[in-house]
Every structure is written in C-alpha cells, then in structure tokens.
Amino acid sequence: SMAGETGLPADYNWIAQHPPLYYTLMVPAYWVGSLFSDGFEGPLYAVRVWNALLMVVALVLVNRLARRFTESDVLAFGVSVMAGSIPLISQTAAGANNDTLIVVVSVFLAYRWLLFCETPNSKNLLWAGAAIGLCGITKYTLLLVMAPVSALLLWRFVQEKGVVVKPMLAFIGLGWLPLSLWVTRNIVLTGKPMPTALDYLVFESSTNYSLVEFFKAYPFFTHSFRSFWGIWGWHGSGQNLQLSTLHLPTSHQFLYAALITVLALVSLFFLYLRIRQENSSLARVAMTVSTLIVLLLYLASLFPHEAFYIKWLLYMVVFSCVFVAVTGVRGIWFTSRPLVGGRNRIQMEAILVATFFLIVVVRQMHDYSNEGGALRGTHGRYYFAALGILLLAWVLPALQRLRHRSYIVIILATIMVLADFWLLLNEVVPFLNRDV
C-alpha cells in the first residue's frame, strides 16, 4: 500500500519474514480498532495500546524473575522500574513492534529456566520447553538463546535424572516443533528456511575485513551500546521518511556502562568466593587464566575506536566467559558432583549463553558490514532477546549480595527514571512538535 501511495515500485516486505506469534496476538486489537475507524488510525492506536500492555506483561515477568532470584519485593520492584526506564524499552512499548514480544518471551524463558534450576524435574523441564517454543515463533534472534539454553537444560536433567526418554522428547517437541513447522512453511513458499529481506539487498560497495580488522575499523560495540541504552528513534535508513535518532548524553551512557561493569564485578567476586570455598585450586587457576587472556587482549589494542567505558564491558565479558568456562568444565558439567548448584549454576550458564549470543551477533554483523561496505546492524533492539539472560548473568546475582541493596536499587531506579524523562522532555517532545 505504501508503494502504491508514493508511486515507488513494490519492495520486499520486512514484516513477512518474521515468525507469526506477535502478529497473531495483534489481530484482535486490529479488529477492535477497525470498529471505531474506517481508516488506518483506529487500528493503529488499538494495536499500540495492546502493544503497551504486552510490555507491561514483560515488566511483570521481570518483577517475578527478580523476586524469585533475590527473594526481595523491593529489589524486584526496583529492577522492573529500571528495565522499564531504558529509553529503547519506552519507545518499543509506545509503538507497534514485535520486539515487545521478544522482551516478554525472553524474560519468561529466563524465569522458567530459573525454576528448573531450583527444581530440575519433568514438570519444570516441560514448562521451559514451552517457553522455548514461544521464542521460536516470535523472532529469529531468539534462536541464539533457544539453542544453548535447550542444551544446558537437557544436560542438567540428564545429570539429575539420567536419560529419561519421554520427558526429554516432550521437551524437544514443545521447544522446537513450533519453529520446525514455520521453517517447513518457509521452505515450501520461498525455498529458504529463514528468509529475510536482506537476502534481496544489493549494495553498491563491499569490504573484505577480517574480524580483527573489523574491530579495528569500526566502533561496533559503542554504537550497539548507545542504541540499546540511550536511543529513541530509528537507527537505520529508509525512503521518503524523516528519520531521527535521539540520544541520552554520553555522560548518562557512561553511568549505565559503569553500573553494568560494577554489577558484573560484584557478581563475579561472589561467584569466585563460592567456587574457592569448594575448590580453591580450581578457582585460582580460573582467575589466573582469565586475567592473562584479558591482559593479552588489552595489550593487543583490539578495540581502538571503542569508548573507554565500552572497553571495560568487553573485558568483563571476556573475563566472565573464560572464568566460567574453566571452572564449569571441571566443576559443573563433566562431573558427577557439581561444585555449585541453584543460583550459582544458572549464573554461570547464563554468562555462557550471553557470550554465545554476543559472539554470533558479532559474526553476523561482521559479514553484513562487509557485504554493505560500511558498519551495519548496530541495532540495540537485537539484544532484547538476551535481556532475561543478562539479568541472570550479572545483574541479579550482584544485587542479591550487596549490603543496603534496597536503598541502592531505589536510588538507581530513580536516576534511570529521571534520565528517561530528561530524554522525553528535552529531545523527544521538541522533535515531535517541530515544524515539518
């Protein structure tokens, strides 16, 4: 319809490539809106209201996840307020975007995973499978969480119960049959299992950077971080559209980076103490290996164009992953007597999943940027798929152990709410009220 109104030739549809769950959920709202308007605005406003309610569901799930992990109502409330005050979350809630449902299913999967880790029985395994199944028909980026979480869930179940075929097959069916049906449909209609509009784009120029050259050429992580924490608006390109990207000041983004870095340090410190309590030599080896790898990465100057506070985060991700890998292989996954369980185990596994997610995203955007001849794909909304995992990996384990944690969380939540209001009042409202 847009092409017909503008006189432009028809283009490939960016929405038709997506799995159907979000759009199916939006159909009732569209029908209701159509009852009050014969044009486009009635259905659009009805869908936006329904979309906002979905984000409320997402924040309720954040609250339940945080309360279950920390056993504190105040912390749970503060964390959900902090999540809702991320500018990109606010923008997504106000529009009509399938990324809203990504937040819902991502946090729901994290919640069901936590329940399984607390009680690894068949019932919780099947609930986790159902959550994975919802992820598969929401958006393809969730595959980067679905696959590793599925493997970790099954392995934990085998460690606890042995190979019990019936619940394991039921888990696989619940988790992967919905996506399999959608992939089959895609192959029949398009000849591709997961078609995207990118398959049909032709770029005027291209590059052939290696991954190291890519890191040294572009501030990929700084752009992605800015797009996640401090953006309101579309970060991309389009035809006959007036585009704008409105950002929080760099100082605010620095504070967010510092916050995540401190929380990651605190969570890792307590994880180290817990593992040292069980096996001091393994803890020392893991700490030494992790430190040496981060030091080598620092000396290699691999990220010359990244903001200094983003480098902190990158080094922390690398340190976390190496530490967890060294301790987990010998102490958790390949032993009959795991060193840690419960919240410590899910924290370690969430760190691995988050790292896997980031590695695959970086590789995909590296290829995409080479094809396009410029830095591309730095959309913060891609990381919605890992939101629940990030909470389990670094945020909740740290907040759970801090002294005066309730006061700290309320202060942090207040600062984030004020920052979001600052962006709305000083950037978004003036932009929307401008003379076109």
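The lining of the second largest pocket consists of 14 nonpolar residues, one polar and one charged. The model is predicted.

**Exercise 1.** Describe the second largest pocket by its volume, its central residues and the elements that line it.

*Solution.* 
- Step 1: the pocket holds about 360 Å³ of space.
- Step 2: its lining counts 16 residues, and those nearest the centre are Phe-215, Phe-303, Val-318, Leu-358 and Ile-359.
- Step 3: two or more lining residues come from each of helix H10 (211–217), helix H14 (308–333) and helix H15 (342–372).

**Exercise 2.** Find which residues form the nonpolar patch on the surface, and which helix gives the most to the patch.

*Solution.* 
- Step 1: the patch is made of Leu-25, Val-49, Trp-50, Leu-53, Val-56 and Val-60, which together have about 500 Å² of accessible area.
- Step 2: the most comes from helix H3 (residues 41–70), with five residues.
- Step 3: Leu-25, another member of the patch, sits in helix H2 (residues 21–36).

**Exercise 3.** Classify Leu-25 and Val-285 as buried, partly exposed or exposed.

*Solution.* 
- Step 1: buried means under 20% relative accessible area and exposed means over 50%, with partly exposed in between.
- Step 2: Leu-25 has a relative accessible area of 30%, so Leu-25 is partly exposed.
- Step 3: Val-285 has a relative accessible area of 44%, so Val-285 is partly exposed.

**Exercise 4.** Locate Val-285 and give its separation from Pro-43 in sequence and in space.

*Solution.* 
- Step 1: Val-285 belongs to helix H13 (residues 280–299).
- Step 2: Val-285 and Pro-43 are 242 residues apart in sequence.
- Step 3: from C-alpha to C-alpha, Val-285 and Pro-43 are 59 Å apart in space.

Conventions:
Residues numbered from 1 in each chain as written. Predicted model: local features only at pLDDT ≥ 70, side-chain atom pairs only at ≥ 80, totals over all residues. Heavy atoms only, no water. Helix = DSSP H or I, 4+ residues; strand = E, 2+ residues; numbered from the N terminus. Buried < 20%, exposed > 50% of the residue type's maximum accessible area, 1.4 Å probe, protein only. 1 Å grid on protein atoms, 1.4 Å probe; cavity = no way out; pocket = protein on both sides within 12 Å on 5 of 7 lines; lining within 4 Å. Points joined across faces, edges and corners; volume = space filled by probe spheres on them. Nonpolar A, V, L, I, M, F, W, Y, C, P; charged D, E, K, R; others polar. Patch = residues over 30% accessible without salt bridge, like charges linked within 9 Å, V, L, I, M, F, W, Y side chains within 5 Å. Areas by Shrake-Rupley, 256 points an atom, 1.4 Å probe, with all protein chains shown as cover. Salt bridge = Lys/Arg side-chain N within 4 Å of Asp/Glu carboxyl O.
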